[in-house]
There are 2 protein chains.
Amino acid sequence: MEAEKPRRRTRIQTEKRELILEAALDMFSQHGFRGATIDQIAEAAGMSKPNLLYYFRSKEDIHINLMQRLLTTWLAPLRELDDVGDPISELRSYIRRKLEMARDFPRESRLFANEILQGAPRIMPMIEGELKTLVDEKAQVILGWMRAGRIVHTDAHHLIFSIWATTQHYADFDVQVRAVLGPDRGGEQRFDDAAQFLEQIFIDSLKPKTEPLNPAR
Amino acid sequence: MEAEKPRRRTRIQTEKRELILEAALDMFSQHGFRGATIDQIAEAAGMSKPNLLYYFRSKEDIHINLMQRLLTTWLAPLRELDDVGDPISELRSYIRRKLEMARDFPRESRLFANEILQGAPRIMPMIEGELKTLVDEKAQVILGWMRAGRIVHTDAHHLIFSIWATTQHYADFDVQVRAVLGPDRGGEQRFDDAAQFLEQIFIDSLKPKTEPLNPAR
DNA sequence: GCAATTTTTGACCAATTGGACAAACGTTAG
DNA sequence: CTAACGTTTGTCCAATTGGTCAAAAATTGC
């Protein structure tokens with residue numbers, strides 16, 4: 001019995017796999033897993049279907065690979081949230097960075113949203129593992145800031161959720177946002193407006209208050 | 001040439017169409033438009049495929065009908081935002097109602113999210129029409145409150161977006177939210193936690209401030 | 001009770017889809 | 001040059017899918 005040879009990757013393999021993943025990102029994010037076809041992906045990657053299947057065993061194989069690499073870059077901003085930094089500016093730049101990702105990598109955001117929407121059938125382990133671990137860890141950091149009185153007391157997990165929700169909204173619901181804002185305010189500046197708004201809402205309400213905000217009535 | 005007879009709807013037609021839409025809501029919200037099959041929907045509705053196609057001309061026909069009725073109920077909370085009420089409590093109950101909808105009608109939320117995610121190919125007219133009109137109208141109401149100094153000045157459209165994003169997040173990303181919160185805090189009370197958190201964030205930052213919040217450093 | 005109408009079904013179809021496979025073609029180290 | 005290996009393609013297949021149709025069954029109006 002021959003054991004599986006891991007077989008180092010060829011230069012061509014590296015390149016072609018890259019091409020395929022890029023094309024698949026396009027298709028999956030636009031049509032969802034079931035909506036995208038191998039044919040489409042292959043054509044977008046400039047090769048025939050059997051050729052594509054030479055590099056990836058199946059459609060699902062492509063998707064797994066895509067999600068794996070995606071999650072890492074997707075969680076990068078949160079990973080950078082630094083315990084020792086100034087809480088307010090740490091959170092401010094986290095929000096800003098997430099919003100930049102929504103602007104610069106909307107396909108990645110939509111791919112992720114698509115997967116979660118359908119119940120995360122293919123990446124549940126990653127959610128329960130890597131993602132949950134990181135969130136719990138950073139929630140602890142935020143909790144530390146609260147206990148030290150450096151930001152207002154609130155629910156750290158839901159704070160993270162709301163930052164995710166508000167920033168990713170501009171990628172996932174892009175067509176709706178643009179349709180509602182109309183041609184005037186729907187241009188690229190919508191991200192600047194969003195940045196300003198989100199900063200105001202989150203930062204204002206998180207800054208510690210030395211006196212009760214609403215003394216009477 | 002016979003003109004189209006509108007032909008009043010039978011009792012059976014009314015009932016069966018209802019059954020089908022209910023089943024379709026299940027399937028579409030879980031698998032997306034392309035992911036759901038007519039067979040599945042028919043089976044879930046307890047009838048054969050040709051029978052289903054006797055009540056709806058096509059898969060798309062079902063979807064259209066579903067989206068139409070959905071949008072109305074979906075926008076109801078915003079429609080209730082009342083010009084003459086107290087701004088803070090109006091916004092507070094808007095947020096609460098939206099969160100209740102995410103809790104009680106998650107399928108509707110996901111169906112909508114699915115459609116927008118893929119570029120709203122089938123409901124763009126409704127977005128640009130009914131939805132945009134309502135949002136613009138209510139943004140004006142909010143703007144009025146700001147000008148009257150009854151809430152803080154900010155971007156009304158982005159405020160609405162952020163309320164949508166944060167509340168619908170608990171329906172659309174439900175599996176992720178539950179996975180991250182874990183079995184302890186992931187129960188039904190997550191909605192209460194969310195309500196409390198969102199109220200704190202939004203209301204706190206919207207309440208008018210009579211003095212600068214951060215006088216020095 | 002019966003004819004007209006509505007509802008339901010089984011059988012069928014063409015198109016699409018994910019994937020298998022063997023043969024052909026390229027590349028490269030010796 | 002050539003053997004070994006990597007790459008590409010044309011062809012094929014079985015399953016799934018959206019949808020049709022005529023005939024059977026049920027319902028309804030009188």
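A residue counts as buried if 20 or more other C-beta atoms lie within 10 Å of its own, exposed if 12 or fewer do, and partly exposed in between, with C-beta atoms placed from the backbone. Keep that in mind for this predicted model, where local features need pLDDT of at least 70, side-chain atom pairs count only at pLDDT 80 or more, and totals for chains, interfaces and linings use all residues. Residues are numbered from 1 along each chain as its sequence is written, while chains are lettered from A and ligands numbered from 1 in the order in which they are written.

**Chain A at a glance**

- Chain A has 10 helices and zero strands; helices (H or I, at least four residues) and strands (E, at least two) are DSSP runs, numbered from the N terminus.
- Its pattern along the sequence reads α-α-α-α-α-α-α-α-α-α.
- Taken along the principal axes, the C-alpha atoms of chain A fill a box of roughly 75 × 50 × 30 Å.
- Of the 217 residues in chain A, 37% are buried.
- Looking at contacts in chain A between residues at least 6 apart in sequence, 69% join residues at least 24 apart; two residues are in contact if their C-beta atoms, placed from the backbone, lie within 7 Å.

**How two helices of chain A pack**

- Two packed helices are described by the angle between their axes and the distance between the axes.
- Helix 1 and helix 4 of chain A pack at about 95°, and their axes are 10 Å apart. The axes are lines fitted to C-alpha atoms, for helices over the stretch in contact, and angles run from 0 to 180 degrees between N-to-C directions.
- That makes helix 1 of chain A roughly perpendicular to helix 4 of chain A (under 35 degrees is roughly parallel, over 145 roughly antiparallel, 65 to 115 roughly perpendicular and the rest oblique).
- On the helix 1 side, the contact is made by I20(A), L21(A), A24(A), L25(A), F28(A) and F33(A), and on the helix 4 side by I62(A), H63(A), N65(A) and L66(A).
- Those contact residues divide into eight nonpolar, two polar and no charged.

**Chain A meets chain B**

- In this pairing, 48 residues of chain B are in contact with 47 residues of chain A.
- On chain B, helix 1, helix 6, helix 7, helix 8 (156-172), helix 9 (174-185) and helix 10 (190-206) each give two or more residues to the side that touches chain A.
- That side of chain B divides into 22 nonpolar, 17 polar and nine charged residues.
- The same surface serves both copies, as 98% of the contact residues of chain B recur in chain A.
- F161(A), in helix 8 of chain A, touches H169(B) and V177(B), leaving aside residues up to four places away in sequence.
- F161(A) is buried, because 24 other C-beta atoms lie within 10 Å.

**Around the DNA**

- DNA strand C is surrounded by 19 residues, the closest being T37(A), P50(A), T10(B), I12(B) and P50(B); near here means a C-beta atom, placed from the backbone, within 6 Å of the strand.

**Residues worth a look**

- A120(A) has a phi near 50°, a positive value in a residue other than glycine.
- You'll find A120(A) in the loop between helix 6 (106-117) and helix 7 (124-147) of chain A, and it is buried, with 20 other C-beta atoms within 10 Å.
- P208(A) sits in the segment after helix 10 of chain A and counts as partly exposed, with 15 C-beta neighbours inside 10 Å.
- Not counting residues up to four places away in sequence, P208(A) touches G149(A), R150(A), I151(A) and V152(A).

How values were computed:
Ala, Val, Leu, Ile, Met, Phe, Trp, Tyr, Cys and Pro count as nonpolar, Asp, Glu, Lys and Arg as charged, and the others, Gly among them, as polar.
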